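Please find below a note on the chain shown here.

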Amino acid sequence: MEKQVKPTVESGPRPTLTFQQKRRGKPPRHLADLARSERREVVSALGYPAFRADQLSRHYFEHRTIDPAAMTDLPQAQRDAIVTELLPPLMEKVSEQFADGGRTLKVLWKLFDGAVVESVLMAYPDRATLCLSSQAGCGMACPFCATGQAGLTRNLSTAEIIEQLRLNMVLAESGALGKPVRITNVVFMGMGEPMANYPAVRGALHRMIDPAPEGFGMSARHITVSTVGLVPAILKLAEEGLQVTLAVSLHAPDDGLRDDLIPINSRYKTAELLDAARHYFVRTGRRVSIEYALIKDMNDHKWRAELLAAELNSRGHGWAHVNPIPLNPTPGSIWTASTNVATRTFVDTLTEAGISTTVRDTRGSDIDGACGQLAAEVVDRDNVARRAKKAQEAVEARLAEHRTEPENLADQLAAMTAGY
């Protein structure tokens, strides 16, 4: 059963947040769902030596294969039974689209129950980055995000998240992006709110980071987990002892605007979110990324950059890096990206206040593969477009006062900067 919450707004219809998935069958049990000890128990229960589980794990994590014929170190009489038990098929490729001269590849994957997710693989001169999904759909209902307007179908299992990575590793290493390249970076910025699927994401992080036969042995510092602001989960992740990067999708420094752009802000306000992000930095030593989609005449004002800088600096220096992102309009969007002049002014204002700032590279926008655009094409795009337009119009009707610089802005900034 779905758990839905309607946030408080000043007036007009309220967006519906969905935290629980629709009732569906569970994905089949998979090696990547299990810790090493659990895998060994499964193999022992089949009547085979427990160390066969480690051999199978190395084939999966080191050689990226699930083909029994390639596992020649396993006795032939045991291969099929062990593979059938621990490596069931979880997803199949439905379609793929290339962009950016072949350097970006978006793949649509169909899961065992017909649910669909997308991943985006991006090649750079010396590496590749994978943007993967943690949920089929998303329940956060952000009005500028296609995935959020499509709604939540269900959470992914740990293995379904990891299988996206393995399959994309096979693509990257086979030269799908023009030449063979290794995936060194992973960002949880595809479909879904990772923190709303915390147990599976936590398991996936361990499979990515832990060395074989436990996992892939990737560098934790090359993995980024994004969130719109589920504060309890941020605090929980801070205590996991993982050196992953936290990315906060902020998009507005003031509650008046953020309540409308990010509906979860009605539960966890901006100050509480930034306090949690600062706590994550203190506990892990990892600088936090602040993601900020620049929307023309919506959140790109110079005074908002001043307010953002003050909010960050009031909590210390050097703990956060801001990534402004030109808005990628979704189907039906009435909003568009900020002008180059407004973007430059916003960035310069942050930089002059001592905030490390980099305009983020936008990849895959022409195949709806950029930030905020992932909504699988098998979903009714016309319906998503209608919902996005309706949601944005509702926000527009409430935002006249939020576009105007607050009369007491100078006093607010002075109070924030008094301590630094």
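1. Does Asn-155 count as buried or exposed? At 14% relative accessibility, Asn-155 counts as buried, where buried means under 20% relative accessible area, exposed over 50% and partly exposed in between, with a 1.4 Å probe and protein chains only. Asn-155 lies in strand β8 (residues 152-155). Its side chain makes a polar contact of 2.7 Å with the side chain of Gln-135; such a contact is a pair of N or O atoms within 3.5 Å, and within protein one must be able to donate a hydrogen and the other to accept it, while residues adjacent in sequence count only if both atoms are side-chain atoms.

2. Basis of the note. This is a predicted model, in which local features need pLDDT of at least 70 and side-chain atom pairs count only at pLDDT 80 or more, while totals for chains, interfaces and linings use all residues. Residues are numbered from 1 along each chain as its sequence is written, and side-chain values use heavy atoms, with hydrogens and water left out.

3. Overall make-up. The chain has 13 helices and 14 strands; these are DSSP runs numbered from the N terminus, helices being H or I of at least four residues and strands E of at least two. Of the 420 residues in the chain, 56% are buried.

4. Annotated positions. In an unreviewed entry, UniProt places the feature "active site" at Glu-118 and Cys-371; the positions follow the numbering used here, feature names are shortened, and annotations may be inferred rather than shown by experiment. Glu-118 belongs to strand β5 (residues 116-124) and counts as buried because its relative accessibility is 0%.

5. The sheet. An open sheet of mixed pairing is formed by 10 strands in the order β3-β4-β5-β6-β9-β10-β11-β12-β13-β14, where two strands pair if DSSP finds at least two bridges between them. Its edge strands, β3 (91-99) and β14 (356-357), each pair on one side only. Strand β4 (residues 104-111) runs antiparallel to β5 and is joined to it by 7 bridges. In this region Trp-109 stands opposite Val-117 of β5.

6. Helix α2. Of the 11 residues of helix α2 (residues 51-61), 9 are buried, so the helix is largely enclosed by the rest of the structure. Among the buried residues are Arg-52, Asp-54, His-59 and Tyr-60. The cover over the buried residues of α2 includes α1 (36-45), α3 (76-86), α5 and α6 (198-209), contact meaning heavy atoms within 4.5 Å.
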